[in-house]
Amino acid sequence: MKNKAATKVITSAQTRLSYANVWTPKPGLNGGREAYSCVLNIPKTDEKTLEKIRAAIEAAYEEGKTKLKGNGKSVPPLSAIRTPLRDGDEERPDQPEFAGCWFISAKSYMAPGIVDLDRNEILDHSEVYSGVYARVSISFYAYNVNGSKGIACGLNNIQKVKDGKPFGGRSRAEDDFADADDDDDDGDEDFLS
C-alpha cells in the first residue's frame with residue numbers, strides 16, 4: 001500500500017528555481033512526451049529540507065522495490081540506482097547558482113499549480129522565473145524503464161516566496177530601466193517627438 005505522505009516533500013522558502021519551465025511544457029529527450037519542469041537549488045545548510053528529501057527517497061525506494069526488481073532476481077540496493085538529489089558543487093562547478101547547493105530536477109506532465117504567499121494563483125508568467133525563491137511540493141517515485149532504474153522526482157505545485165536575482169545572466173526589464181532618466185541630453189527627445 002502506497003503512503004503518498006511519505007514520498008511527498010514541501011521544500012523550505014530557501015529553495016530557488018533554476019531552469020524554470022513551469023508555464024509551457026517542452027518536449028522530452030528524443031521527441032519524448034512534453035513536460036513541465038524545473039531544477040530546485042537547495043542550500044546545503046537547509047538540513048531540515050534535505051533530511052525530508054532523503055527520507056522521501058528512501059520511502060519511494062521501499063514502495064518501488066517490485067518495480068525496481070523487474071525481471072531480475074533481486075532488488076538493486078538504493079546506492080546502486082540513480083537518485084535525484086545531486087551535489088551542485090561537484091556536478092555544476094561552473095554555474096555559480098549551484099554553489100553550496102544540492103539540486104533536484106523535477107517534472108510533471110500536468111501544469112503545476114503556482115501561487116503567491118497568500119495562496120492566490122499567479123497568472124503573470126514574469127513572476128516565476130529561474131532565480132525566484134519558492135516553496136515547492138514534490139513527490140518521489142521509483143522507475144524502471146528500458147533497464148534504467150532509479151528514483152525520480154515529480155513536480156506538484158509552487159508557492160513563490162520572494163524575488164531573487166534571475167539566473168542565467170538575463171536582467172529583468174524593470175531593473176534595466178529603473179534608473180533611466182527621461183530628461184537625458186543625448187538627443188532622444190527629438191527622436192521621441
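The expected span of a helix is 1.5 Å times one less than its number of residues. Keep that in mind for the first stop, and remember throughout that this is a predicted model.

**Stop 1: helix 2**

Select residues 47-63, which make up helix 2. Over its 17 residues, helix 2 reaches 24 Å from first C-alpha to last, close to the 24 Å expected. Now show the side chains. Which residues of helix 2 are buried? They are Thr49, Leu50, Ile53, Ala56, Ile57, Ala59, Ala60 and Tyr61. While you look down the axis, recall that an α-helix has 3.6 residues a turn, so residues three or four places apart point the same way.

**Stop 2: Asn41**

Next, move to strand 3 (residues 35-43) and pick out Asn41. Is Asn41 buried or exposed? Its relative accessibility is 2%, and because buried means under 20%, Asn41 counts as buried. Draw a distance from the side chain of Asn41 to the backbone oxygen of Glu97: a polar atom of that side chain lies 2.9 Å from the oxygen. Then display the neighbours. Leaving aside residues up to four places away in sequence, Asn41 touches Gln14, Thr15, Arg16, Ser18, Glu97, Phe98, Cys101, Trp102, Phe103 and Phe167. Keep Phe98 and Phe103, two of those contacts, on screen for the next stop.

**Stop 3: the aromatic cluster**

The structure holds two aromatic pairs. Tyr19 sits in strand 2 (residues 16-26), while Phe98 is in the loop between helix 4 (88-91) and strand 5 (101-108), so the pair ties together parts 79 residues apart in sequence. Colour by accessibility and you will find Tyr19 partly exposed at 46%, whereas Phe98 is buried at 0%.

How far apart are the ring centres of Phe98 and Phe103? They are 5.0 Å apart, and with the planes at 80° the pair is edge-to-face. Phe103 is buried too, with a relative accessible area of 0%. Viewed together, Tyr19, Phe98 and Phe103 form a cluster linked by ring pairs.

**Stop 4: charges over rings**

Select Arg33 and Tyr109: the charged end of Arg33 sits over the ring, 3.9 Å from its centre. Then select Lys162 and Tyr133, where Lys162 lies over the face of Tyr133 at 4.8 Å from the ring centre.

Notes
Residues numbered from 1 in each chain as written. Predicted model: local features only at pLDDT ≥ 70, side-chain atom pairs only at ≥ 80, totals over all residues. Heavy atoms only, no water. Helix = DSSP H or I, 4+ residues; strand = E, 2+ residues; numbered from the N terminus. Buried < 20%, exposed > 50% of the residue type's maximum accessible area, 1.4 Å probe, protein only. Polar contact = N/O pair within 3.5 Å; in protein donor to acceptor, adjacent residues only side chain to side chain. Contact = heavy atoms within 4.5 Å. Phe/Tyr/Trp six-rings, centres within 6.5 Å; stacked < 30°, edge-to-face > 60°. Lys NZ or Arg CZ within 6 Å of the ring centre and 35° of its normal.
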